[in-house]
Amino acid sequence: MALHKLFRLSSLFRSAVSLTLRRNIGLSAVLFNRATDLDPIQKLFLDKIRDYSTKSKAAAGGIVDAGPSYEKGVSEEITKLQRLYGTGDLTKFPDFKFTEPQLQEVAK
């Protein structure tokens, strides 16, 4: 009887230790990967993302790496649209106002 309880306790202890080790090994693998050098492709990808992030902050809401030819093309297109559709700020989303129609009751 005591031997049976000892085996059962041993089994519970083994499963708890196994679960704890699996969690710790998984966590340490993630931490180990962060501590060592990255894969060259991952490093290149992260460098490009960081580069784009700094450029987008410098652009202050504009297009990243937009040269003078791009700006000239955008201004020409806005001029064309203003000529076709009239004046107004074409860089802003239009403001729609809907009114409720007046409904008349129909006699039966």
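Trainee: Are Phe93 and Phe96 buried or exposed?
Mentor: Both Phe93 and Phe96 are exposed, where exposed means over 50% relative accessible area, buried under 20% and partly exposed in between, with a 1.4 Å probe and protein chains only. This is a predicted model, in which local features need pLDDT of at least 70, side-chain atom pairs count only at pLDDT 80 or more, and totals for chains, interfaces and linings use all residues. Residues are numbered from 1 along each chain as its sequence is written, and side-chain values use heavy atoms, with hydrogens and water left out.

Trainee: How many aromatic pairs are there?
Mentor: The count is two aromatic pairs. Rings of Phe, Tyr and Trp (its six-membered ring) pair if their centres lie within 6.5 Å; planes under 30 degrees apart count as stacked, over 60 as edge-to-face and the rest as tilted. Phe93 and Phe96 are edge-to-face, at 6.2 Å centre to centre with 80° between the planes. Phe96 and Phe98 are stacked, at 6.2 Å and 20°.

Trainee: And which residues form the aromatic cluster?
Mentor: Phe93, Phe96 and Phe98 form one cluster. Phe98 is exposed, as is Phe96.

Trainee: New topic: how many helices and strands does the protein have?
Mentor: There are three helices and zero strands; these are DSSP runs, helices being H or I of at least four residues and strands E of at least two, numbered from the N terminus.

Trainee: What span does α3 reach?
Mentor: Helix α3, residues 68-85, reaches 26 Å from its first C-alpha to its last, close to the 26 Å expected, that is, 1.5 Å times one less than its number of residues. Just after α3, Gly86 has a positive phi of about 95°.

Trainee: What share of the protein is buried?
Mentor: Buried residues make up 1% of the 108 residues.
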